[in-house]
Amino acid sequence: MWPEIIVLMVTTAVVVYADINIPITGHWSGGFQGKGCFDITQEMHSWTVTLTFDQPLTSLDVYTADIVQTLDGGKVFVLHNKAWNKDEHVGDQLCIEFQGHGSGDISPVVTGALQAGDVSGNPITGTPTPTATTSTTTSSTTSTTSTTTSTTTPSTTHSVTPTPAGDTSSTSTTAIASASTATPTASALTTSHSPRTTLPPSRTYDSDMVFVEDKGDFFYAEFKFTVDEEMLGWIVNITFDGPINFIESGNGVIEKISEDKLHWTMVSFGHQAHLPKGSTYLLFIAANYHGHTIPHAHATMTNMGRDKWSFSPAPTSDTSKYNYNDVLFKSILFYEAQRTGKLPATNRLPYRNNSLVGDKGDGGEDLSGGYFVGHGHVKFNFPIAYSATILSWGYLLYEEAYKAAGQEDHVLESIKWALDYLIKCHTKPDELYVQVSDYIEDYWAWNQPEFYLGERPPYKINDTHPGTDIAMETAAAFASGSLAFKTKDPSYSATLLTHAKQLWDFGNKYHGLYSDSIVMAAYNYSSHGFNDEICWGSLWLYQATNDNTYLTAAEQHFDPLPAPDMSWDNKTAANQVLLYKLTKDDKYKTAVEDTFHYWFPGGSIPYTPKGLAHRSDRAALSSAANMAMLALIAADAGFHVTEYRHWAMCQIHYALGDTGFSYVVGFGDDYPLRPYQRISMCPNHPAHCSPEVLLAEMPNVHILYGALVGGPGANDEYLDKFDSVLNNEVTIEFNAGFQTAVAALKSLWIKSQHPEQLNDAQCPYVGGADVFGRR
């Protein structure tokens, strides 16, 4: 009996890897994220990972595994492999990336343990149904044997490894208890929810290899997959019963090969990425082998067009109609989605990674970093500099709002990300790189930026190719940034001010429009004058230095006419407000009032039936939000306080959901699902992307949190489609003024001066010319 028992114990022994300490890669109010990797030293055909936290969590999201048990009141989570990543081979690296939620700004201590099979060492078959084993835990996950979710996290060290993603309804989230301690108040929950399910659960599709023809040392074969969902990018894992030397296919590219050459992973080419629902897809291969009979094979296909990653609403104790904390949080996330260069460890978006780190100037200067402005991968410095200036201005005015929302560090990081890049671009006192790549190169290199293979030509201004407008705009960005960082980083602030002064001198000495000097800039961001930029740059230099030379220059370039817009290309209205704040001169007060008379109901700007000031079909919401920002700043300076704040609030609340629809992606119950932005459209790494994604009808693969879309037409009409560019365009400059206006409203709430707190919150706003008295 004893020998028999000993043999039994040996055959069922569980091989457990040593525990690892898992680093927290980022944390914020109400959440954190981490990533732990295990080096694989034995063949595994199923596996279990146990994550142990030193404090209880309210929920956990994991994207390379299914959560099957939650123990110890939310401190311990047991994970099983997905169907697509059950096989791990010697030399691989299994990485588990997760996002946890809890109370306050938490950064827990985490350990992880890996073992083959389940907790008893037995092979895992099928997709397990998650179970809860503590009385305080209610599992929100459900699964079937054919439903899988996946991740954008690399699972091995081979290049960029397969990273499929699932939807928000599937099996990788376990919610603990019925309510989260990080959840906003009841009133806030009515307007800011976790993202609803936008896609059905993703399935895996199986196929046995069908032999076509033997050619001696190689053979032709095919796999047949009938898909019952729309797919955007795929990954296929092929397992042979004999070694294969190489595979060629016109359908995709080989991404990973096991050492024994039995397991091959292929991902789709961009032009093969889109599969309509109900279609049958044939995957052809030519495979080389020798020394054995023609092998048999089985393949599993997984949809790469699903992303499970989601963010809970930012916590708030305010009772305002909309959760301004959440809007600020998500708007800053949009800036993070637009970043390029070498990303920091604090990156909160797992579908983003380092990109275009080789951007260089004509002399080899490092031009990496900065932001993609809109849907593509061109870096247009004019809107980058403008956005940095507006965000700095908002931080300087409403620092307490960002602090109260738990977003101070994040907004400063987003500003610094732009400024660090712009410093690189200012290579000489009279030389400034103003654009990297162009619309032609960018169109023909349609892919995720992490895989970008096209040319990236740089463009610059200098003494023979002037650009007064962009030189002054960049000077304004540096000067406002120097004020934002003056007490937090004096050395950095001084560096910024030096660059600001040099660029102001450069722009003041050599006059000309940058889009006249650089033809490739004119197609997307053509400038229409530089007097407003001279005034704008001068005002920010004056504020940063108290040197009256700059104030004199600003006053010389003052434009008193009503401003028909406030944008990256026209700062006239902002100049009017700033000049009055700095001088208290009545002529500037008159100019400000004339501009808002132009914008208020009864003026020159038309309104939609539901109350949006609709200047044009393009950037309708951004134009209104920018003017709302200026109205709030003007009200702080004493202009028609009640009316300006009321009007501004109604414009911002229109964007946040007053019509029953939120125009901010990922905010509210009903929001845009198809913003025109390439990164969020493209499938998960490493599946390739192409313009064919525009053929898809499904929502964007990734939720582009916080992006303010272009907005509705003149009659409040809105079409949520990829190709409805006017409705669904997104850019970083759209968000800059909008975010600052939201910070201003948050500040008013903190001070108990918000229109809602003063019973003056009826929207749409119906005031008009009578507000200004003298007319």
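User: Is Ile440 buried, partly exposed or exposed?
Analyst: In this predicted model, Ile440 sits in helix α7, residues 439–443. Buried means under 20% relative accessible area and exposed means over 50%. Ile440 has a relative accessible area of 37%, so Ile440 is partly exposed.

User: Which residues make the nonpolar surface patch of about 390 Å²?
Analyst: Residues of a patch need over 30% relative accessible area, and Ile440 has 37%. The nonpolar patch, about 390 Å² in area, is made by Ile440, Tyr443 and Trp444.

User: Which helices do the buried residues of α12 pack against?
Analyst: Cys535, Gly537 and Leu541 are among the buried residues of α12. The partners of the buried residues are α4 (381–397), α8 (468–484), α9 (490–509), α13 (548–556) and α14 (572–583).

User: Which residue follows α12, and what is its phi?
Analyst: Helix α12 runs over residues 531–545. The residue that follows α12 is Asn546, and its phi is positive, near 60 degrees.

User: Which residues is Trp647 in contact with, leaving aside its neighbours within four places in sequence?
Analyst: Trp647 is one of the residues with the most contacts inside the largest nonpolar core. Contact here means heavy atoms within 4.5 Å. The partners of Trp647 beyond its sequence neighbours are Phe596, Trp599, Phe600, Pro601, Tyr607, Ala613, Met627, Ala628, Ala631 and Tyr765.

User: How far apart in space are Val90 and Glu259, C-alpha to C-alpha?
Analyst: Val90 lies in the loop between β6 (76–81) and β7 (93–105), and is partly exposed at 34% relative accessibility. Not counting residues up to four places away in sequence, Val90 touches Ile40, Thr41, Gln42, Glu43 and Glu259. Val90 and Glu259 are 169 residues apart in sequence, and their C-alpha atoms are apart by 7.7 Å.

User: What percentage of the residues of the chain count as buried?
Analyst: The chain has 20 helices and 24 strands. Its accessible surface comes to about 27400 Å², with 53% belonging to carbon and sulfur atoms. Of its 775 residues, the share that counts as buried is 61%.

How values were computed:
Residues numbered from 1 in each chain as written. Predicted model: local features only at pLDDT ≥ 70, side-chain atom pairs only at ≥ 80, totals over all residues. Heavy atoms only, no water. Core = buried A, V, L, I, M, F, W, Y, C linked by side-chain atoms within 4.5 Å. Buried < 20%, exposed > 50% of the residue type's maximum accessible area, 1.4 Å probe, protein only. Helix = DSSP H or I, 4+ residues; strand = E, 2+ residues; numbered from the N terminus. Areas by Shrake-Rupley, 256 points an atom, 1.4 Å probe, with all protein chains shown as cover. Expected span 1.5 Å × (residues − 1). Patch = residues over 30% accessible without salt bridge, like charges linked within 9 Å, V, L, I, M, F, W, Y side chains within 5 Å. Salt bridge = Lys/Arg side-chain N within 4 Å of Asp/Glu carboxyl O.
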